[in-house]
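Here are some friendly notes to read alongside the model.

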Amino acid sequence: MNEGFNISDCALIAIATGEKAQNLREFRDHLRTVHPGCFYYHFWGGLLYPHFNDPEFQNDFAVWASRNLHDQKISEQFAVIDPNIYSDIEDLRQEIIEIVEERLYESEHVPWAKRGQEFHFIRSQIVIFETGITYTDPRELVEAIPNMSLGSIFFHFIDSRRRTEGHRNDISVWLEGLGDEYEELIKVLDKIDPYFTTLSELRNIIHIAFNNFFKKIPNGKLT
Amino acid sequence: MGSLLEQYASVAGHEVIDQLQQLANPLRGMKILHINSTKEGGGVAEILNRLIPLKKELGIDAEWEIITGEKDFYLCTKKMHNSLQGNRDDIPDNLLSVYEKTNRENYERLREKLETADIVFIHDPQPAALLSHCNNRKGKWFWRCHIDVSHPYRPVWKYLREFIKGYDASIWSLSEFVQPLNHPQYLIPPSIDPLSEKNRELPKKEITDLLNSWGIKKDIPLITQVSRFDRFKDPVGVIQSYRMVKKYVPVQLVLAGGGASDDPEGQEVLDEVKAFAGNDPDIHVLELPPDAHRQINALQSGSDIIIQKSLKEGFGLTVTEGLWKGKPVIAGNTGGIKLQIIDHYTGFRVTTPEGAAMRIRYLLKHPGTRKRMGENARQFVLNNYLITRQLREYLTLVVGLLFGSEDKIELKLPSH
């Protein structure tokens, strides 16, 4: 039986931890002890918090390493980390610590940031709420997606990767339960890389996927 | 949907307003009280002017009160403000006594509201001591800090900290400003109101007429700094930059300042600025009343470049306003400006009058870059710094505090 797709929404608030690092060694020391919520904020939270959408980097660690430590090597290593492939935050924490350890071992000097350019560890609190909106027919989503809040897009397309088997998006998981009919659409949705885009761009991409599948717009371009 | 929310939906999008309504649902009927020290002038008053009606329209029983005091109270709080921003300025005991006495008197006047509110937001140092008197409070109290406290003068911060530490939580504009305190410290950058007189789109004719009325010439590029006459805004440094530019290209400068009723130093700085500007007909020092919102809008909209050469800045809402008008902004590399100005994207961050002069010349020479940066600037504010985003975060904060302290809070719809 089709249980319908319940739209949830979320909003994030940032909380200062008061912990900051001036150089890579201090950064490593803090990584060992900071609140696990810091990893969520610095990897995912930027999408929901006021910031400049950096075209190069998808996490705050990579931005700091590049812009303030001026250590391109470790910045690139941070940049390619896909946080969704780690089973939990502690695994992600361990991975980052190992990258830093290795860099410290091979560097002759500890990379430093100037005064005022320290890395500030921030954690987040996320409030998830039901919108009360449920869709039973996937076709309805063609109209619904452009009107979804960015919080809903984040929850169902980004946060979902931590909650679902195979690190997927919620819509694909729901469509799969409806039978083979939507196989093509699921393939397209699963292939969407949610990184290096803003949430509004991501919303557009999902909308195009639905439009194309339901042939509303033959050339696949949004008007 | 009520009319005010509808109007915001037309700028920020319907989905943004829907989300606010969903978030506000659990808070319906709740009494939320905001306290600051002025109804006019300054970014805090401007935001509260709109935040309160918006919260009301969302079903929250929101109220805004101000504390009042004599001249010595404002003298003390101005010194406090400057010291928190780094000035090494000791505050005499007699002024601190006035500060404490004024807070006590205001507490007595506002006692019932303060004691019965579910949530109280106290803005900045002026009313911070109210909490120390409110022994029978029912609600949660937040101290909202709007200023740059990254390197405070320690004796003054230590004095104030005694009043702040009893709050349930504090809210800061940037993580760099956060001082060690033993309660949750939230980060919420401020925002601008796109529907206010200061930020809505004005008819072109009105802009031209207003610029004409101040003697500003149409065919010479205009650079403008709008801010209080305050040394931290470095108005003299702006004039120095202007003079460096003028050697190469014709340019006009506007320094426009509105006074705030809680700033006793304004006149002194204004006199300094006028003396430094001399008789240059292309420097326009405009003293504007606190309600000159359309005039400020016209100045920003009619300018080619916006300057905010602050040496210290809490957030810098005049920067946000300039960006919202689609103008590149050249601003001091300090405080919240760092969140807003991305070099070569929305403007330039500078540290000296020379740096500002160089960037002004660059932008005046490259109109295409100016236009592109201006477009980026407006989009950047639309995505990040409108009042709807700030309201969302205030609501999230309150929901978070009321429904648990975990990293992830899941709210279920009430069952019918």
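1. Let's start with Glu184(A), which counts as partly exposed at 49% relative accessibility. Please keep in mind as you read that this is a predicted model. Lys187(A) is partly exposed too, with a relative accessible area of 44%. The side chains of Glu184(A) and Lys187(A) meet in a salt bridge, 3.7 Å from N to O. Why can these two face each other? They sit three residues apart in helix α9 of chain A (residues 183-191), so about one helical turn separates them.

2. A second pair in chain A is worth a look. Asp159(A) forms a salt bridge with Arg163(A), and their closest N and O atoms are 2.8 Å apart. Helix α7 of chain A holds both residues, four apart, which means that about one helical turn lies between them. Is Asp159(A) buried or exposed? Asp159(A) counts as buried, with 0% relative accessibility, whereas Arg163(A) is partly exposed, with a relative accessible area of 36%.

3. In chain B, do find Asp118(B) and Lys138(B), whose side chains meet in a salt bridge at 2.9 Å, N to O. Asp118(B) belongs to the loop between α5 (93-116) and β3 (119-123) of chain B, and Lys138(B) to the loop between β3 and β4 (140-144), so the pair ties together parts that are 20 residues apart in sequence. Lys138(B) is exposed, its relative accessible area being 55%. Elsewhere, salt bridges with shared partners link Asp159(A), Arg162(A), Arg163(A), Asp170(A) and Lys408(B) into one network. Over all chains, the structure holds 45 salt bridges.

4. Now to the place where the chains meet. The contact draws on 37 residues from chain A and 36 residues from chain B. Together, chain A and chain B bury about 3,100 Å² between them, with 56% of that on carbon and sulfur atoms. If you wonder why an area is quoted here, the size of an interface is often given as the accessible area lost when the parts come together.

5. How many salt bridges cross the interface of chain A and chain B? The rule finds three. For an example to display, a salt bridge joins the side chains of Asp407(B) and Arg123(A), at 3.2 Å from N to O. Between chain A and chain B, 13 residue pairs are in polar contact, both residues at pLDDT 80 or more.

6. Which elements make up the side of chain A that touches chain B? In chain A, β1 (5-21), β2 (119-135) and α7 (150-163) each supply at least two of its residues. With twelve residues, β2(A) gives the most to the side of chain A that touches chain B. Sorted by class, that side of chain A has 17 nonpolar, twelve polar and eight charged residues.

7. Strand pairing also links the two chains. β1(A) pairs with strand β6 of chain B (residues 185-187) in the antiparallel sense, over three bridges.

8. Finally, a strand within chain B. Five of the six residues of strand β1 of chain B (residues 31-36) are buried, so this strand is largely enclosed by the rest of the structure. β1(B) and strand β2 of chain B (residues 61-66) run parallel, joined by six bridges. At one of these, Asn36(B) has Ile66(B) in β2(B) as its bridge partner.

How values were computed. Residues are numbered from 1 along each chain as its sequence is written. Chains are lettered from A and ligands numbered from 1 in the order in which they are written. This is a predicted model: local features need pLDDT of at least 70, side-chain atom pairs count only at pLDDT 80 or more; totals for chains, interfaces and linings use all residues. Side-chain values use heavy atoms; hydrogens and water are left out. Contact means heavy atoms within 4.5 Å. Buried area is the accessible area (1.4 Å probe) that two parts lose on being put together, summed over both. A salt bridge is a side-chain nitrogen of Lys or Arg within 4 Å of a carboxyl oxygen of Asp or Glu. A polar contact is a pair of N or O atoms within 3.5 Å; within protein, one must be able to donate a hydrogen and the other to accept it, and residues adjacent in sequence count only if both atoms are side-chain atoms. Ala, Val, Leu, Ile, Met, Phe, Trp, Tyr, Cys and Pro count as nonpolar, Asp, Glu, Lys and Arg as charged, and the others, Gly among them, as polar. Two strands pair if DSSP finds at least two bridges between them. Buried means under 20% relative accessible area, exposed over 50%, partly exposed in between (1.4 Å probe, protein chains only).
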